Amino acid sequence: MRCVAVFVGINHASAKVDFDNNIQLSLTLAALSIGLWWTFDRSRSGFGFGVGIAFLATVVTQLLVYNGVYQYTSPDFLYVRSWLPCIYFAGGITMGNIGRQLAMYECKVIAEKSHQE
């Protein structure tokens, strides 16, 4: 639950906090996203999953923007906002942790059912 709250805070900060330029915003969000990973995951597979999600989701977003399906009011770099991969990375880490917790709960429930029989 804390991981979700931190992700929502990062997402909210990307929209509401005013920075002098987009590079400062991107670096701040990158540091917060790495901090989220360090605090709640710290696994190589989690980091790889977050980077993979960030890359794939940014490519998909770029394709949507390039084809005119979606557009930004002021794109930063190659039609995509520069802070977007940081948000996708944090979201990937958060969803990975949620999935891990659900899998652990499911294993626990299955183990308890087999002991009751």
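How far apart do the end C-alpha atoms of residues 25-40 lie, and is the span helix or strand? In this predicted model, the end C-alpha atoms of residues 25-40 are separated by 22 Å. The span is 100% helix and 0% strand. UniProt, in an unreviewed entry, assigns the feature "transmembrane region" to residues 25-40. The entry also places this feature at residues 47-66 and 78-98. For residues 47-66, the end C-alpha atoms lie 28 Å apart. This span, too, is 100% helix and 0% strand.

Helix α3 comprises residues 44-66. Leu-56 lies in this helix. Its relative accessibility is 53%. Leu-56 therefore counts as exposed, the cut-off being over 50%. Leu-56 also contributes to a nonpolar surface patch.

The largest pocket has a volume of about 220 Å³. Its lining includes Met-1, Arg-2, Cys-3 and Val-4. Phe-40 is also a lining residue, and UniProt places position 40 at the end of the annotated region 25-40. Thr-94, Asn-97, Ile-98, Arg-100 and Gln-101 complete the lining. Two helices, α1 (2-16) and α4 (84-116), each supply at least two lining residues. Helix α4 gives the most, with five residues.

Methods: Residues numbered from 1 in each chain as written. Predicted model: local features only at pLDDT ≥ 70, side-chain atom pairs only at ≥ 80, totals over all residues. Heavy atoms only, no water. UniProt positions renumbered as here; feature names shortened; annotations may be inferred. Helix = DSSP H or I, 4+ residues; strand = E, 2+ residues; numbered from the N terminus. Patch = residues over 30% accessible without salt bridge, like charges linked within 9 Å, V, L, I, M, F, W, Y side chains within 5 Å. Areas by Shrake-Rupley, 256 points an atom, 1.4 Å probe, with all protein chains shown as cover. Salt bridge = Lys/Arg side-chain N within 4 Å of Asp/Glu carboxyl O. Buried < 20%, exposed > 50% of the residue type's maximum accessible area, 1.4 Å probe, protein only. 1 Å grid on protein atoms, 1.4 Å probe; cavity = no way out; pocket = protein on both sides within 12 Å on 5 of 7 lines; lining within 4 Å. Points joined across faces, edges and corners; volume = space filled by probe spheres on them.
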